[in-house]
Amino acid sequence: MTVRTRFAPSPTGYLHIGGARTALFAWAYARRHQGTFILRIEDTDVARSTPEAVQAILDGMAWLHLDHDEGPYYQMQRMQRYKEVIAHLLASGAAYHCYTSPKELEQLREAQMARKEKPRYDGRWRPERGKPLPSAPTGVAPVVRFRNPGEGVVAWDDLVKGRIEIANAELDDFIIARADGTPTYNFCVVVDDWDMRITHVIRGDDHVNNTPRQINLLKALNAQVPQYAHLSMILGDDGTKLSKRHGAVSVMQYDEDGYLPEAVLNYLARLGWSHGDDEVFTMEQFIQWFDLDHITSSAAQFNTEKLNWLNQHYLKLADDARLAGETARRLAKRGVDPEAGAPLEKVVALYKDRVGNLNELADALEPFCVHVHPSAELIATHLTENARAALSVLRERLSACSWEKPAISQAMKDTLAACALKMPQVAIPLRVALLGQPQSPSIDAVLEVLGRDEVLRRLDQYV
RNA sequence: GUCCCUAUCGUCUAGAGGCCUAGGACAAUACCCUUUCACGGUAUGAACCCGGGUUCGAAUCCCGGUGGGGACGCCA
């Protein structure tokens with residue numbers, strides 16, 4: 001049997017980090033087993049679903065390279081099928097109409113809570129042998145409820161949490177179709193997983209409580225019950241539930257913040273899953289190694305520091321041209337012309353192993369593209385009269401030497417000797433003059449990529 | 001409140017009864033490297049929630065407590 005997994009977000013917002021990890025694991029499991037990964041959009045909540053959110057989810061998955069083999073399927077386009085199944089359930093007696101109003105249900109729940117009971121539907125419209133049913137009120141559209149087994153337990157061997165058993169007595173007859181006829185979540189999921197022949201349902205563990213209902217429904221439909229793997233939650237950096245203030249932002253925000261998708265992917269893969277002591281690995285390795293046995297069953301706290309570390313790592317590995325492209329995009333966004341200065345790719349090579357993210361890389365490259373204006377304070381402390389005199393000597397030598405690192409370096413050394421100065425006494429003022437900052441990579445390398453003309457031009461302001 | 005899940009360094013985790021004086025990684029600290037700032041290298045500190053069992057032996061198995069999380073919608 002070939003593995004078929006799915007990712008089934010509801011388009012009520014962007015793809016956040018928790019959803020991304022769920023998608024990653026479902027995707028990886030399918031890839032690991034040469035299976036099929038299906039994308040399904042659960043848009044039956046018409047009021048909250050938006051096409052923008054659908055697009056945001058698609059964008060997020062594309063950024064992470066989580067490609068699907070089937071779909072996206074849209075539940076709203078499957079209404080006919082749901083209605084068919086509901087009619088069948090009604091006809092077979094596995095479902096029934098219920099006329100209890102929302103207000104009555106609310107009262108029922110309140111009363112139950114007051115008695116310290118678990119709030120649930122009391123089955124007043126559930127047909128039972130020999131039980132008289134109330135007469136249907138006129139002009140009230142009924143909901144359809146699934147007739148849940150009254151006794152016994154529902155059990156499954158969760159692929160990450162182990163065996164879970166829930167007594168049917170804990171469950172109630174849940175609504176599968178609203179008064180307006182539209183089917184509800186738990187019902188659509190079941191029909192879809194069945195129709196799409198999903199073999200492994202990999203999803204967040206907030207669905208553990210839905211699973212017994214879904215299994216009962218599947219059984220009533222005579223459908224094969226898939227395997228379930230419930231992933232524990234991702235908590236925010238502060239150990240509390242993900243919220244907009246920390247973590248529950250769109251994965252595209254990570255792009256915005258200068259993270260590389262491979263860093264986010266690697267980080268997410270290690271959050272709640274492990275392969276011995278391996279910390280850094282490619283997606284190819286991940287697919288080879290991924291299994292459900294090594295998923296942690298407890299919630300994991302998001303750690304930005306570690307993500308930063310991975311991002312820095314992948315930045316060092318990344319191709320210069322690619323990083324130049326990424327940086328150019330960011331510079332352009334700031335109104336800086338990335339073509340205006342030294343060849344970006346060369347500057348990238350100088351800086352990519354010194355920065356933590358793409359925005360920092362853009363910060364570092366910006367002085368190469370624009371006219372720099374060192375602060376008055378920097379000028380006062382570093383571009384002293386003595387320093388300017390040394391820079392003047394250096395300028396002479398630089399205008400004459402050949403333009404490669406060794407020659408430039410020699411020009412620096414000759415200047416030091418001539419002025420009886422130490423390296424930092426010239427290199428730091430030079431950095432301030434050229435880049436507006438007292439720190440930079442090795443100064444001869446900076447000079448080399450900046451180019452002789454530009455170096456001399458920038459120096460002329462101070463000598 | 002009821003039900004379900006969960007518990008190893010600050011964080012992510014290794015660990016499937018003896019290999020554990022509990023390993024790795026991030027972070028922290030110190031030192032080294034150095035032309036500044038970084039990168040890098042080396043080293044150090046840091047954990048089995050508590051209480052009972054089971055066993056010759058428990059981080060690992062069982063029970064209870066406590067802490068954390070989730071679910072209890074005509075939301076998904």
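Predicted model: local features only at pLDDT ≥ 70, side-chain atom pairs only at ≥ 80, totals over all residues.

A: A polar contact is a pair of N or O atoms within 3.5 Å; within protein, one must be able to donate a hydrogen and the other to accept it, and residues adjacent in sequence count only if both atoms are side-chain atoms. By that rule, a side-chain N or O atom of Asn209 is 3.0 Å from a sugar or linking oxygen of RNA strand B.

Residues are numbered from 1 along each chain as its sequence is written, chains are lettered from A and ligands numbered from 1 in the order in which they are written, and side-chain values use heavy atoms, with hydrogens and water left out.

A residue is near the strand if one of its heavy atoms lies within 4 Å of it. There are 59 residues around RNA strand B, and Asp45, Arg178, Gly272, Arg354 and Ser440 come nearest. Of the atoms of RNA strand B within 4 Å of the protein, 66% belong to sugar and phosphate.

Helices (H or I, at least four residues) and strands (E, at least two) are DSSP runs, numbered from the N terminus. Helix 10 (304-317) is one of the elements that supply at least two residues of this surface, and its 4 residues are the largest share.
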